[in-house]
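Try each task before you read its solution.

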Amino acid sequence: MAIDWPIRLITIDARIDLVKWYERNGFKKFKKNTPGQDGVTVAMYYDCMKFPQELVAFLEEMCE
């Protein structure tokens, strides 16, 4: 995704029963949940930018 668009992170509130599935697919848990999430969902993210240099190159191309 980061190849076509400058997207860095995808964030989700994963249902407790799907956390392992998301982890197998590259998602990681945030260190802290939002208050009220505990026991219901887990805050997770997927880092689309596998090569941080891509972001630098994109910014250099797009910005003056």
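**Exercise 1. Find Lys-31 and decide: is Lys-31 buried or exposed?**

Step 1: Look in the loop between β2 and β3, where Lys-31 lies. Helices and strands here are DSSP runs numbered from the N terminus, with helices being H or I and at least four residues, and strands being E and at least two.

Step 2: Check the relative accessible area of Lys-31, which is 87%, so Lys-31 counts as exposed. The cut-offs are under 20% for buried, over 50% for exposed and partly exposed in between, using a 1.4 Å probe and protein chains only.

Step 3: Take a distance from there. Lys-31 and Trp-21 are 10 residues apart along the chain, and their C-alpha atoms are separated by 18 Å.

A word on the ground rules: this is a predicted model, so local features need pLDDT of at least 70 and side-chain atom pairs count only at pLDDT 80 or more, while totals for chains, interfaces and linings use all residues. Residues are numbered from 1 along each chain as its sequence is written, and side-chain values use heavy atoms, with hydrogens and water left out.

**Exercise 2. Work out the order of the strands in the sheet.**

Step 1: Start with β1 and β3, which run antiparallel and are joined by seven bridges. One of the pairs is Thr-11 with Tyr-45 in β3. For two strands to pair, DSSP has to find at least two bridges between them.

Step 2: Now do β2 and β3. Two bridges join these antiparallel strands, and Lys-28 stands opposite Tyr-45 in β3.

Step 3: The three strands make an open sheet in the order β1-β3-β2, with antiparallel pairing. β1 and β2 (28–29) are at the edges with a single partner strand each, so one side of each has no neighbour in the sheet. As background, strands of a sheet pair through backbone hydrogen bonds, either parallel or antiparallel.

**Exercise 3. Which residues make up the largest nonpolar core?**

Step 1: A nonpolar core is a set of buried Ala, Val, Leu, Ile, Met, Phe, Trp, Tyr and Cys residues joined through side-chain atoms within 4.5 Å.

Step 2: List the members. There are seven: Ile-12, Ala-14, Val-19, Tyr-22, Phe-27, Val-42 and Met-44.

Step 3: Leaving out residues up to four places away in sequence, Met-44 touches a list of residues including Ile-12, Ala-14, Val-19, Tyr-22 and Phe-27. Ile-10, Lys-28 and Phe-30 are also among them. Contact means heavy atoms within 4.5 Å.

Step 4: Compare with Thr-41, which sits in strand β3. Thr-41 is buried, at 15% relative accessible area. Ignoring neighbours within four places in sequence, Thr-41 is in contact with Asp-13, Ala-14, Arg-15, Ile-16 and Asn-33.

**Exercise 4. How many salt bridges does a search of the whole structure find?**

Step 1: Apply the rule: a side-chain nitrogen of Lys or Arg within 4 Å of a carboxyl oxygen of Asp or Glu. The search turns up three.

Step 2: Take Asp-17 and Arg-15, whose side chains meet at 2.8 Å, N to O. Asp-17 is exposed at 55%, while Arg-15 is partly exposed at 47%.

Step 3: Move to Lys-20, which bridges to Glu-23 with the closest N and O atoms 3.6 Å apart. Lys-20 and Glu-23 are about one helical turn apart, because they are three residues apart in helix α1. Lys-20 is exposed at 57%.

Step 4: Finish with Glu-23 and Lys-29, where the closest N and O atoms are 3.9 Å apart. Shared partners tie Lys-20, Glu-23 and Lys-29 into one network of salt bridges.

**Exercise 5. Describe the position of Leu-55.**

Step 1: Go to helix α2 (residues 53–62), where you'll find Leu-55.

Step 2: Leu-55 and Gly-36 are 19 residues apart in sequence and 34 Å apart in space, C-alpha to C-alpha.
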